[in-house]
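The exercises below concern a predicted model. Each one sets a task and is followed by a solution that goes step by step.

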Amino acid sequence: MNILEVRNLTTRFSTARGIVRAVERVSFHLKKGEILGLIGESGCGKSTVGLSLLRLVEPPGRIVTGQVLLDGVDLMKKSESEMNDIRWKLISYIPQSAMNALNPIYSVGWQIREALQRHEGYSLGRARARVAELLESVGIAASRAGSYPHEMSGGMKQRAVIAMALACSPKVVISDEATTGLDVMTQAQVLHVIKTLQSRLGLSMLFISHDLPLVANICERIAIMYAGRLVELLTVDQLRRQPLHPYTQGLMSSFIDLKAPLRRLESIPGSVPDLTDLPCGCGFHPRCCQCGGDCCCKAPELVEVEPDHWVACCKVVRE
Amino acid sequence: MSPVKDILAATELKKDYPGPGRRSPVRAVDGVSFTVRQGECLGLVGESGSGKTTTARIVVGLEKPDSGAVTFEGVKTSGERHPAARAACRRMQMIFQDPYESLNPGMTVSQLVAEPLRIQRLYRTTGEMREAVITSLESVDLEPASLYMNRHPHQLSGGQRQRVAIARALVSGPSLVVADEPTSMLDVSVRAGILALLSRLQQERNLSLLFITHDWTVARVMCSRVAVMYAGQIVESGRTEDLIADGCHPYTRALVAVVADLKSFWANQAHYVRDGQTSGTGCLFAPRCPRAVCLCYKEPPDLVHLGDDHWVRCHLS
């Protein structure tokens, strides 16, 4: 069952430099109880996808078209006040650098309680009990509810923000680079918390990140984004066995495996294109070593090549 | 094999920073010693706050150590101002972490690359300087150089900026380059290109590199030897492949395990590391070490030589 369905989502920013095509006709679905990884490099539009789902894109940004179906209900048709009730309660958000997302002058417990009292109308006592339960679930002692953010380590703050996102038992959680900037050990710990919560609470999550090998540890399926478009959507198994899009292949070989024998490190030539001035045709073709034929004039559509494996590449479709 | 000479020796470097308010000082670097050999790349690996950047800054003379000494090409350079020390310092250059911060936005690429030449008065005519700038830009694959020379940093991508930073570091012909996390701010698809470039330049010019990184995978590609830092100390050093395959210090093992296979790290987490605050007497890692015994909390361990280039600071090895 799909808890979240995104169809043809398109978000653009009108700036002095021109129209930034941050998200172009992105479609995917999130199954109930699944973690879907959304992977891309900086400036590929992955964070804008997350914000668009919550309708939190700020001007000059605008969601141009698209449907976001949460349990069959289109969020794009909701009024702003209805969205205020939906955010946090039905769909919540773990922001990038969550370490700085906490208010320094309130205790962590107070900040989590605020959401419960505002959205769920909890009494103080009941909210306190729930906060204790939430903190325990992310591995923080309930007695730390009175602590202020500066009294916590980076990893603890990060876990507190996760607890906060889970406060109202949302149907979907969107996590935007939730572990970026943490040390590897702390990162491992935070990911473990997320993975445990997923299996225990049946959490459905969109996990936005730039770190492909890391995400392969916690997801079943992965969506790869490049220059505002989804280029490949596949399971972790398929990713390990045979990724088809040249960009996915390039990304895979840009990472080093500590267990495998040492090999030459490959890089993708060129750099990520400017979203105001995208190459015509396939956005990746100027950097693609397998480019040919109609790659430079026709933008490829996502095509299902085997069950659960979608790819947008002219060459793959040709063959 | 002829013995390779040490180009840089750091001995017992110590550096304290004043703590916030009236709190006790923070010991950023706590008795760090290492050597870099001619033409090799030594990695300093550690998590944030382990003192690796402070060590790098002491080496190039951006910070003065509280005690200890840096000897470069046979000349003591730390805290010295005599002409020989200054001349030696010029033969060290640094590449900084963030190319978005390290390049002056008001200068053009050619001004940026020419700046070390100007400061060190390494040219006779402007034509000569221009020539040196072009050669340097082309050596970092910014070709044709004329396309980039009049641009400002904001007109370049992150990878191109870091290439400019490398060209700037190499233009004066240094023999040692200290690279502080040169790829951590870059996208993965460009990262490999920068690492390959640094490796190539290192070999072509027989450069020595001190490479600071938190990423074991980067250390594996770049460095022949690594030193692992924890809380201002080197806890283990040795050949990169040896430490990855079979590190002795519990901290090294945990750091490698978490990167090599996250799932098995989760499964055996208690085996690798536990929660605890670095503090007190004894081994600094003891409060987080799952194997710590009484001795570990009492006596600080010394670096012990295990053979070849392998050193470890642990009572249990």
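**Exercise 1.** Determine in which hand H3(A) passes H4(A), and classify the angle at which the two helices pack.

*Solution.* The crossing of H3(A) over H4(A) is right-handed. For the angle, take helix H3 (residues 108-120) of chain A and helix H4 (residues 124-137) of chain A, whose axes lie 9 Å apart and which pack at about 120°. H3(A) is therefore oblique to H4(A), since angles of 65 to 115 degrees would count as roughly perpendicular and those over 145 as roughly antiparallel. The next step is to list the residues that meet: H3(A) brings A:Gly109, A:Ile112, A:Arg113, A:Leu116 and A:Gln117, while H4(A) brings A:Ala127, A:Arg128, A:Arg130, A:Val131 and A:Leu134. Sorted by class, this contact holds five nonpolar, two polar and three charged residues.

**Exercise 2.** Find which residues of helix H3 of chain B are buried, and against which helices they pack.

*Solution.* In helix H3 (residues 109-120) of chain B, the buried residues are B:Val109, B:Ser110, B:Leu112, B:Val113, B:Ala114 and B:Pro116. Their packing partners in chain B are helix H4 (126-139), helix H5 (145-149) and helix H6 (158-170). Past the end of H3(B) comes B:Arg121, which has a positive phi, near 50°.

**Exercise 3.** Describe the side of chain B that touches chain A, by element and by class.

*Solution.* Begin with the totals, which are 30 residues from chain B and 23 residues from chain A. On the chain B side, two or more residues each come from helix H7 (188-205), helix H8 (216-222), helix H10 (250-260) and helix H11 (262-267). H7(B) supplies the largest share, eight residues. By class, this side has 18 nonpolar, six polar and six charged residues.

**Exercise 4.** Identify the residues with the most contacts inside the largest nonpolar core, and trace the contacts of A:Phe207.

*Solution.* Nonpolar side chains tend to be buried together in soluble globular proteins. Here the largest nonpolar core has 186 residues, and those with the most contacts inside it are A:Ala163, A:Phe207, A:Ala223, B:Val178, B:Leu210, B:Val228 and B:Val258. Setting aside neighbours within four places in sequence, A:Phe207 is in contact with A:Ile35, A:Leu36, A:Gly37, A:Leu38, A:Ser175, A:Val215, A:Ile218 and A:Cys219.

Technical notes: Residues are numbered from 1 along each chain as its sequence is written. Chains are lettered from A and ligands numbered from 1 in the order in which they are written. This is a predicted model: local features need pLDDT of at least 70, side-chain atom pairs count only at pLDDT 80 or more; totals for chains, interfaces and linings use all residues. Two residues are in contact if their C-beta atoms, placed from the backbone, lie within 7 Å. Helices (H or I, at least four residues) and strands (E, at least two) are DSSP runs, numbered from the N terminus. Ala, Val, Leu, Ile, Met, Phe, Trp, Tyr, Cys and Pro count as nonpolar, Asp, Glu, Lys and Arg as charged, and the others, Gly among them, as polar. A nonpolar core is a set of buried Ala, Val, Leu, Ile, Met, Phe, Trp, Tyr and Cys residues joined through C-beta atoms within 7 Å. A residue is buried if 20 or more other C-beta atoms lie within 10 Å of its own, exposed if 12 or fewer, and partly exposed in between; C-beta atoms are placed from the backbone. Axes are lines fitted to C-alpha atoms, for helices over the stretch in contact, and angles run from 0 to 180 degrees between N-to-C directions. Angles under 35 degrees count as roughly parallel, over 145 as roughly antiparallel, 65 to 115 as roughly perpendicular and the rest as oblique. A crossing is left-handed if the near helix is turned anticlockwise from the far one by less than a right angle, and right-handed if clockwise.
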